[in-house]
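Hi,

Here is the structure I said I would pass on. Have a look at it first, and then read my notes below.

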Amino acid sequence: MNKDTVNENIDPEWGDDDQKPYLEHGKKLVKELAEKLGRQPTCCVVTFGCQMNARDSEKLLGVLLDMGYADNGEDENADFVVYNTCTVRDHANQRVYGRLGALQGYKRQNADMKIALCGCMMQEEAVIDRIRKSYRFVDLLFGTHNLYTFPQLVCDMLESDRMIISVWKKEHGIVEELPVSRKYPFKSGVNIMFGCNNFCSYCIVPYVRGRERSRNAKDILMEVERLAADGVKEVMLLGQNVNSYGNDLEDGLTFPQLLREIEKVEGIERIRFMSSHPKDLSDDLIEVMAQSKKICRHLHLAMQSGSTRILKSMNRHYTKEDYLRLAEKLRDRIPDLALTTDIIVGFPGEERSDVEETVDVIRRAEFDNAFTFIYSIRTGTPAAKMEQVDRQTAGEHFDIVLKAVQETARKRAGRLTGRVCDVLVEEVNDHDPSLLTGRLSNNVIVHFPGDPSLIGQIVDVRLNECKGFYYLGSMV
Ligand code: SAM
Ligand code: SF4
Ligand code: F3S
């Protein structure tokens, strides 16, 4: 007999308030657990994947802290461990399975330990089947579409000794109110939209995150104002394709219009956003960026390939020339912009001549940096059924592209040497506690001597020396 509690397609009367009673009930359950353990129960939320997942993790942690758990940081030896997973490439999945093995050892030593898995991997049926079969020590599985029911699921888990599986197959609307525990007091991610409609032929995200849903501008602005009042100086607006923000809203703002509104929020000094799809990047956006005093001088604009033939097969809706034109326009209008990108190599059908096209764009667009990924087959996507490139050839393509990326990045690095720039101080340097580590508007890291009391402040730093991907500086 199957003893799992499975819940696949609930469609409750969901809304902003329906989790409040569970938050309260959870507090009672965690208090009882504390009495049993003779100490405050600890929790740990581990994030895999992108900024969207990192933001979701802050919501998960917010719920657990609200219920009375203490954050155990990175330590997996906690009473409740949550893995917020990613499935964009197979490597991401393998990391989760690997760490789960280690977690089983910890659980043997702590009988009260609970383990939850959530995030993008959980939207895949094959993953759920595998966990159910081979990882029986996991207590709770839930997906991306019902993340907001976490308070209810924690209560169910604490009151049951069965594996609880609650993965909704489809996305629902947007629920606004959940407690959030921010990782940094001075900067924060802000979701402006969820899901993706683009169906790039290699990508699993639209299948595990659902269709595009934009948040109302009013809610976004209220959140940004609240963050500013709380001392946040930098916001990162998050969406899989922020350039199509508002397309699904009646009378909604466009993304450039939203940026203009966020710019007006007093206290917010820096605005970042990601990700941008080249096909939807408008002249209006370039204009808003060029005129803005707050939008950071960094744009991450995923190119994926420089070959028009491959781009077509990837379903990206732009050509090599379109991308180059955009890059040129951006460089002309915003000369101090750092342009970074994502590149996939080894996509089905990729030949040496396609790689040469990619290298050509890398050299002409002069990326400040690029993430290069070897194509990973994702089951259920159109590219999975195309004729694949063998691993050795993909590896060769990877080396060629990486070399070109490193060459242009080296050329771009150091161009600010000698200048005085504003730096948001983020932390004490990992290796040398006499140094602080901060970030330039263009997203480059700077290390400089200073007092930890400056963390969270924006200070002027002279960039004395470039060390490749970071600067050494001194405050002026
Ligand atoms: N929505 C973002 C965009 O289009 O710019 C990208 C989001 S995706 C999470 C981040 C990057 O992962 C993509 O830009 C792409 O380069 C890479 N990626 C996605 N699917 C992949 C796959 N199947 N194999 C290798 N890399 C992949
Ligand atoms: Fe994936 Fe393409 Fe959507 Fe980005 S735009 S999340 S690459 S489908
Ligand atoms: Fe991964 Fe999901 Fe982000 S698949 S990259 S965590 S949207």
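**Salt bridges and other details**

D368 and R412 pair through their side chains in a salt bridge, with N and O 3.0 Å apart. D368 sits in the loop between α12 and β15 (369–374) while R412 belongs to helix α13, so this pair ties together parts that lie 44 residues apart in sequence. Both D368 and R412 are buried. Before you go further, please keep in mind that this is a predicted model.

A second bridge involves the helices α12 and α13. Here R363 pairs with E407, and their closest N and O atoms are 3.9 Å apart. R363 is in helix α12 (residues 352–365) and E407 in helix α13 (residues 391–412), so to speak two distant parts of the chain, 44 residues apart, that the pair links. How accessible are R363 and E407? R363 has 48% relative accessibility and therefore counts as partly exposed. E407 is partly exposed too, with a relative accessible area of 33%.

K218 and D219 also form a salt bridge through their side chains, at 3.6 Å from N to O. Which of the two is buried and which is exposed? K218 has a relative accessible area of 58%, over the 50% cut-off, so K218 is exposed. D219 comes out at 15%, under the 20% limit, so D219 is buried.

How many salt bridges are there by this rule? The count comes to 34. Some of them share partners: R55, E58, R215 and E223 are joined into one network that way.

**A buried lysine**

Next, have a look at K107, which lies in helix α3 (residues 90–109). Its relative accessibility is 16%, so K107 counts as buried. Where does the side chain of K107 reach? It gets to the backbone oxygen of F137, at a distance of 2.8 Å. If you leave aside the neighbours within four places in sequence, K107 is in contact with M113, I115, F137 and D139.

**Around ligand 3**

The residues around ligand 3 are C50, N53, C86, T87, V88, C120, R209 and Q240. Sorted by type, this shell has four nonpolar residues, three polar ones and one charged one.

Most residues other than glycine have a negative phi, and most peptide bonds are trans. Here are some places to look at with that in mind.

- The peptide bond from M274 to S275 is cis, its omega being near 5 degrees. S275 is placed in the loop between β12 (270–274) and α9 (283–291).
- H317 is not a glycine, yet its phi is positive, near 65 degrees. You will find H317 in the loop between α10 (308–313) and α11 (320–333). With a relative accessible area of 56%, H317 is exposed.
- N443 is another non-glycine residue with a positive phi, near 80 degrees. The loop between β17 (435–440) and β18 (445–449) holds N443. At 27% relative accessibility, N443 counts as partly exposed.

Cheers

Terms used: Residues are numbered from 1 along each chain as its sequence is written. Chains are lettered from A and ligands numbered from 1 in the order in which they are written. This is a predicted model: local features need pLDDT of at least 70, side-chain atom pairs count only at pLDDT 80 or more; totals for chains, interfaces and linings use all residues. Side-chain values use heavy atoms; hydrogens and water are left out. Helices (H or I, at least four residues) and strands (E, at least two) are DSSP runs, numbered from the N terminus. Buried means under 20% relative accessible area, exposed over 50%, partly exposed in between (1.4 Å probe, protein chains only). A polar contact is a pair of N or O atoms within 3.5 Å; within protein, one must be able to donate a hydrogen and the other to accept it, and residues adjacent in sequence count only if both atoms are side-chain atoms. Contact means heavy atoms within 4.5 Å. A residue is near a molecule or strand if one of its heavy atoms lies within 4 Å of it. Ala, Val, Leu, Ile, Met, Phe, Trp, Tyr, Cys and Pro count as nonpolar, Asp, Glu, Lys and Arg as charged, and the others, Gly among them, as polar. A salt bridge is a side-chain nitrogen of Lys or Arg within 4 Å of a carboxyl oxygen of Asp or Glu.
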